[in-house]
Amino acid sequence: MARDADCIFCKIAAGALPAAKVLHNDHAVALLDIAPAAPGHLLVLPPDHYATLDTMPGDRLAALAAELPRLVRAVLRATGAPALHVIQNNGRAAGQTVDHVHFHLVPRTAGDRFHIDWNRGPSAAAALAELRDRIAAELELPTGVS
Ligand code: 5GP
Ligand code: ZN
């Protein structure tokens, strides 16, 4: 099990720090966020250390993701919330503060205090086409090449 001695989520996964865990197995650790955006806000993380999603092997992510449906069901039923976000931040500019991959499960109810501003707008067709080509080209590269 790859762990980072300085990582707070590795310490929680190892049982070295207390946490309100609802699930802990070989694939995932799920715990209540210490500063919840809504009641029942869960964090779901791999037990082994990966700083960001792009460094995580696909099979480890698949095993973690397989736990999400039942965790979502449990949170919705336990809180009575009718809706839920799954949010996963990578890098400081995206709001990541703990460098150990984690998914936020945030229950939503109509009129709650949670707010996301995507600030979306239209894009020129040429810009979309150029980005499509660049990203598609990256997908052709062997793993680990950047
Ligand atoms: P991020 O901003 O990296 O996507 O999310 C990190 C989350 O971890 C935050 O929502 C924060 O409240 C939560 N968090 C940070 N330290 C702890 C801790 O020691 N215990 C728990 N349960 N949550 C934590
Ligand atoms: Zn870690």
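## Asn119 and its loop

Asn119 lies in the loop between strand E5 and helix H4, which spans residues 125-139. In this predicted model, the phi angle of Asn119 is near 50°, a positive value in a residue other than glycine. Asn119 counts as exposed because its relative accessibility is 67%, and the cut-off for exposed is over 50%.

## The chain as a whole

The chain contains four helices and five strands. Read from the N terminus, these elements follow the order α-β-β-β-α-α-β-β-α. Along the principal axes, the C-alpha atoms fill a box of roughly 50 × 40 × 25 Å.

The chain has 146 residues, and 32% of them count as buried. Its accessible surface is about 9,200 Å², with 58% of that area belonging to carbon and sulfur atoms. Among contacts with a separation of 6 or more, 53% are between residues 24 or more positions apart.

## The zinc site

Which residues coordinate the zinc ion (ligand 2)? The donors are SG of Cys7, SG of Cys10, ND1 of His49 and ND1 of His100, at 2.0 to 2.3 Å. Along the chain, these donors follow the spacing C-x2-C-x38-H-x50-H. Cys7 lies in the segment before helix H1 (8-14), while His100 is in the loop between strand E4 (83-87) and strand E5 (103-108), so this pair ties together parts that are 93 residues apart in sequence. Both Cys7 and His100 are buried.

Why is the arrangement around the zinc ion (ligand 2) called tetrahedral? The four donor atoms subtend angles of 103 to 116°, and four donors count as tetrahedral if all angles lie between 85 and 135 degrees. The angles here therefore meet that condition.

## His49 and its neighbours

His49, one of the zinc donors, is located in the loop between strand E3 (42-45) and helix H2 (58-65). Is His49 buried or exposed? His49 has a relative accessible area of 18%, and buried means under 20%, so His49 is buried.

Leaving aside residues up to four places away in sequence, His49 touches Ala2, Arg3, Asp4, Cys7, Cys10, Asp99 and His100. This list includes Cys7, Cys10 and His100, which also coordinate the zinc ion (ligand 2). Phe9 is 40 residues from His49 along the chain, and the C-alpha atoms of the two are separated by 8.3 Å.

## Two further loop residues

Thr55 is found in the loop between E3 and H2. Thr55 has a relative accessible area of 42% and is therefore partly exposed, a class that runs between the 20% and 50% cut-offs. From Thr55 to Val101 there are 46 residues in sequence and 9.2 Å in space, taken C-alpha to C-alpha.

Ile34 has its place in the loop between strand E2 (29-32) and E3. What is the relative accessibility of Ile34? The value is 87%, so Ile34 counts as exposed. The C-alpha atoms of Ile34 and Ala19 are separated by 8.3 Å, with the two residues 15 apart along the chain.

Methods:
Residues numbered from 1 in each chain as written. Chains lettered and ligands numbered in written order. Predicted model: local features only at pLDDT ≥ 70, side-chain atom pairs only at ≥ 80, totals over all residues. Heavy atoms only, no water. Helix = DSSP H or I, 4+ residues; strand = E, 2+ residues; numbered from the N terminus. Buried < 20%, exposed > 50% of the residue type's maximum accessible area, 1.4 Å probe, protein only. Contact = heavy atoms within 4.5 Å. Areas by Shrake-Rupley, 256 points an atom, 1.4 Å probe, with all protein chains shown as cover. Donors = N, O, S within 2.8 Å, 3.2 Å for Na, K, Ca; no water. Tetrahedral: all angles 85-135°; square planar, octahedral: opposite > 155°, others 65-115°.
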